[in-house]
Amino acid sequence: MNVLHFAQAFFSDGSHWHGRDGIPTRLSEHVKYSLEALLFAAAVGLPVGLVTGHYGRGGNALALIATAGRALPSFGLLVLMFIWIGFGMVPVMIPLVVLAVPPILVTTYEAVRSVDPSPVDAARGMGMPESRVLLQVELPVALPLVLSGLRTAAIQIVSTATIAAYVSLGGLGRYIIDGLYQRDYEKVVGGAGLVAGLALATLVVFWAAARLAVSPGVRRSG
Amino acid sequence: MNGFFDLPSDLQYGYLGLVGLHLREGLIPVLAGLLIALPVAQLCVRFRWVYPPVLGLTTVLYSIPSLAFFVVLIDYFGQSETTVMVPLAIYSLVVLVPAIVDGVRSVPQDTLAAARAMGFGPVRRYLQVQLPIAVPAIIAGLRVATVSSLSLVSVGMLIGNQGALGNMLYSATTYNRPALAVNSVLTTAVLGVLADALLVLVRRLLTPWMPPTKGAAR
Amino acid sequence: MIRIDSVTKRYPDGTVAVDRLSLDIPDRAITVLVGPSGCGKTTTLRMINRMVEPSEGSILLDGRDIRQQPVNTLRRSMGYVIQNAGLFQHRTILDNIATVPRLLGWSKQKARDRAAELMARVGLDTSLAKRYPYQLSGGQQQRVGVARALAADPPVLLMDEPFSAVDPVVRKGLQDELLRIQDELGKTIVFVTHDIDEAVKLGTMVAVLRTGGRLAQFAPPAELLSAPADSFVEDFLGADRGIRRLSFFSAGSLELQTAPVVSVDADAATLAARAEAAPYLLVTDSDGRPLGWSEPDGLTAGAVDRDRLLDHGRPFAPATDSLRAALDGAVLSPTGWAVAVDGEGRVVGVVSQQVIGEAIRAAHTRVARDSAVKAAR
């Protein structure tokens with residue numbers, strides 16, 4: 001397999017491991033872009049999804065927003081924002097957030113909406129305020145699904161953050177874009193491998209987060 | 001907006017030509033993905049142990065950036081439409097396999113037992129019971145796959161202008177005409193939304209037994 | 001006392017769930033709301049803790065309109081038990097029970113101590129405290145639901161079909177447990193069910209509601225069974241209400257006969273003497289527990305063939321059982337005689353269907369006279 005060969009050549013080249021264009025720098029840039037985008041998207045998607053799911057309304061509006069968000073091409077949005085706003089982080093953040101909001105929003109909404117209604121009824125009947133019903137009764141039960149929405153969003157962000165390189169920013173996309181223009185397939189394969197590896201690491205992080213945050217009562221009965 | 005649909009000649013296509021090209025590059029992969037996903041999903045339903053490794057593999061494939069995929073495939077297919085469509089087909093596959101598996105698995109055991117009791121063979125049972133009941137889940141998967149596929153075609157611009165509507169983005173930067181970028185983004189989004197609406201319609205037609213509005217966000 | 005004062009619940013689409021309902025729910029007793037589906041019994045219950053707001057009329061708790069205090073304060077002062085228990089699957093059993101005390105601001109330790117106390121009260125082993133709901137059976141989950149409702153010691157307990165999702169054997173256990181707890185705690189309980197047997201068994205007072213949310217009859221269960229207000233209530237009570245009504249008459253007054261009872265070790269003389277007493281003799285073992293019936297000729301002193309004895313049916317205990325149990329025992333017995341036993345299961349006598357029939361007539365006459373006296377007052 002020449003793909004494996006390229007990868008091996010890329011990773012065994014010592015010059016790829018340090019400096020301005022070294023793997024540690026690019027990796028940390030990539031992680032930084034991805035985390036920022038995920039935080040923004042979660043800040044928008046989680047509260048809206050939780051509240052709409054709690055009241056069980058606005059599902060159709062959410063579906064529309066989600067479809068529109070998915071339909072907007074990330075790459076096109078990046079180029080457009082770059083033309084409009086110019087060089088910087090904002091043109092990169094906008095497409096990434098637009099990409100990540102739909103899965104977070106829709107999954108969170110569905111997760112809260114599909115919580116068994118009887119504990120919710122019991123909680124209200126015992127005199128629990130609505131905010132507590134949402135945060136202490138619905139959210140803990142919906143958490144596995146909410147996390148899976150965040151996980152999907154995170155993986156899409158990690159994979160798509162490569163486009164930042166097209167507008168002269170860093171991140172692992174640098175290897176892919178530079179490799180493309182330099183016809184250096186070693187770099188492209190190496191960069192792709194790193195992104196895939198980062199995505200797998202993201203999976204592991206979310207798996208661990210679910211182990212820690214989800215109550216054993218929910219994990220085993222769900 | 002002046003010159004919104006007035007495309008530079010180096011794009012080689014008119015506006016509608018680009019739309020047609022975009023649809024072809026975006027939809028053929030979904031169709032191919034569906035054709036491969038059906039048997040793969042059936043395999044996962046039949047042999048439960050197949051599913052987790054398949055799921056793992058597809059997640060890894062999904063995480064490979066489209067651009068990297070394209071570049072690597074140039075080696076095999078050149079700077080061609082095929083190079084753009086193969087990764088898109090793989091992404092569709094990744095979305096569709098779990099959707100179909102979950103859909104087919106969600107068919108109630110009672111229903112299957114009833115079908116068996118009435119003398120349905122395995123093939124008939126699959127075609128006449130499991131698949132129809134799984135239609136909503138499959139269409140839900142198709143909607144995500146189709147919309148994503150259409151939106152990803154644009155990236156193909158980077159490999160020798162194979163991005164259909166995405167190619168307008170290149171012209172937008174070279175000739176400094178932001179309107180072209182707006183056109184590209186909006187047209188792509190509208191195609192996605194229309195394809196999505198069409199699939200919703202197809203689901204309504206295929207599943208008259210479903211309550212018309214479930215108020216669900218998917 | 002909870003006073004429901006001509007309350008109507010009308011939904012925006014025009015359906016009337018409850019129609020000008022008035023009820024005085026007595027303190028420290030179980031009041032059962034019963035009726036077919038769509039009779040508004042659950043809506044009525046949910047209006048008491050303001051899960052549903054009435055369209056017209058008012059509900060008073062100890063003379064005060066329930067709308068005068070904040071809704072969550074009101075709800076925390078009323079225990080609430082629902083059909084599938086509605087436990088929080090992400091919390092342990094102990095923390096589930098401690099919910100309301102925690103809402104009321106008790107310290108975690110105090111709330112948990114109280115929860116542990118309640119587990120014992122509702123018959124749950126404290127070893128279950130750290131378990132999660134999915135690890136418990138349906139009946140155990142429902143006990144947790146009751147414990148959770150009792151945790152803050154509310155004076156009022158609202159129960160919405162709490163036992164209808166469990167199997168009949170478990171349900172009977174839960175009902176008995178509820179009656180036992182009620183004996184100890186004396187709560188004001190409003191209990192919704194669609195099961196008339198459950199209503200008759202648990203209720204101090206029973207309100208029968210008809211479809212459309214109107215009150216058909218509000219009476220103690222014995223009165224309901226003896227004098228249904230109209231044909232709707234009569235139909236709802238079912239065909240065997242006469243038999244069921246016997247549950248309210250004690251079997252203690254039955255005149256028992258001991259002559260037809262012989263021990264398996266009885267000698268020939270005793271057997272000969274007893275043969276005159278009745279067409280059949282009940283043979284007991286040497287401890288006095290029933291073995292079965294036999295015709296006198298079939299018995300040989302010292303050589304009773306236990307396999308040839310006729311089944312003795314289900315014995316009843318005059319001290320605790322009702323005339324219904326006695327009659328049931330007699331009907332099930334091949335000889336038409338019921339066997340009466342003491343708490344240890346030793347035979348204290350036998351009684352014929354005829355004697356039971358006389359006792360039933362006497363009981364009915366007594367009730368009729370009592371209600372005539374009541375009416376005259």
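Let me start with the core. The largest nonpolar core has 99 residues, and Leu38(A), Phe75(A), Tyr166(A) and Leu158(B) touch the most other members. By nonpolar core I mean a set of buried Ala, Val, Leu, Ile, Met, Phe, Trp, Tyr and Cys residues joined through side-chain atoms within 4.5 Å. Buried means under 20% relative accessible area, exposed means over 50%, and partly exposed lies in between, with a 1.4 Å probe and protein chains only. Helix H7 of chain A, residues 130-160, supplies the largest share of this core, 12 residues. Helices (H or I, at least four residues) and strands (E, at least two) are DSSP runs, numbered from the N terminus.

Before going on, the conventions. This is a predicted model, in which local features need pLDDT of at least 70 and side-chain atom pairs count only at pLDDT 80 or more, while totals for chains, interfaces and linings use all residues. Residues are numbered from 1 along each chain as its sequence is written, chains are lettered from A and ligands numbered from 1 in the order in which they are written, and side-chain values use heavy atoms, with hydrogens and water left out.

Back to Leu158(B). What is Leu158(B) in contact with, leaving aside neighbours within four places in sequence? The partners are Phe75(A), Tyr166(A), Ile177(A), Leu180(A), Tyr181(A) and Leu67(B). Contact here means heavy atoms within 4.5 Å. There is also a second, separate core of 47 residues, which includes Val32(C), Val34(C), Phe191(C) and Ile196(C).

Next, the chains one at a time. Chain A has 10 helices and 0 strands. Its C-alpha atoms fill a box of roughly 65 × 40 × 30 Å along the principal axes. Chain A has 222 residues, and 57% of them count as buried. Taking the contacts in chain A between residues at least 6 apart in sequence, 74% join residues at least 24 apart.

For chain B there are annotations from UniProt. The record, an unreviewed entry, places "domain: ABC transmembrane type-1" at residues 19-203. Over those residues chain B is 82% helix and 0% strand, with the end C-alpha atoms 25 Å apart. The unreviewed entry in UniProt also lists "transmembrane region" at residues 26-47, 54-78, 84-101, 133-159 and 179-202 of chain B. Positions from UniProt are given in the numbering used here, feature names are shortened, and annotations may be inferred rather than shown by experiment.

Two of those spans in chain B can be checked against the model. Residues 26-47 are 95% helix and 0% strand, and the end C-alpha atoms lie 32 Å apart. Residues 179-202 are 100% helix and 0% strand, with 34 Å between the end C-alpha atoms.

What span should helix H1 of chain B have, at 1.5 Å a residue? H1 covers residues 15-46, 32 residues, so it should span 46 Å; the end C-alpha atoms are 47 Å apart, which agrees. The expected span is 1.5 Å times one less than the number of residues. H1(B) also has a kink of about 30° at Ala37(B), shortly before the proline Pro39(B). The bend at a residue is the angle between axes fitted to the seven residues ending there and the seven starting there.

Now the interfaces. Of the 2 pairs of chains in contact, chains A and B share the most contacts. No contact joins chain B and chain C, and their closest C-alpha atoms lie 19 Å apart. Between chain A and chain C about 2,000 Å² is buried, 61% of it from carbon and sulfur atoms. Buried area is the accessible area (1.4 Å probe) that two parts lose on being put together, summed over both. On the chain A side, Asp121(A), Gly125(A) and Met126(A) lose the most area to chain C, together 29% of what that side buries.

One residue on the chain C side is Ile82(C), in the loop between strand S6 (78-81) and helix H3 (93-97). Is Ile82(C) buried or exposed? Ile82(C) counts as buried because its relative accessibility is 6%. Residues up to four places away in sequence aside, Ile82(C) touches Ser118(A), Asp121(A), Ala122(A), Gln142(C), Asp160(C) and Pro162(C). The C-alpha atoms of Ile82(C) and Asp160(C) are 4.8 Å apart, although 78 residues separate them along the chain.

Last, Gly123(C), in the loop between helix H5 (108-121) and helix H6 (138-150) of chain C. Gly123(C) is partly exposed, at 45% relative accessible area. Neighbours within four places in sequence aside, Gly123(C) is in contact with Arg143(C) and Glu177(C).
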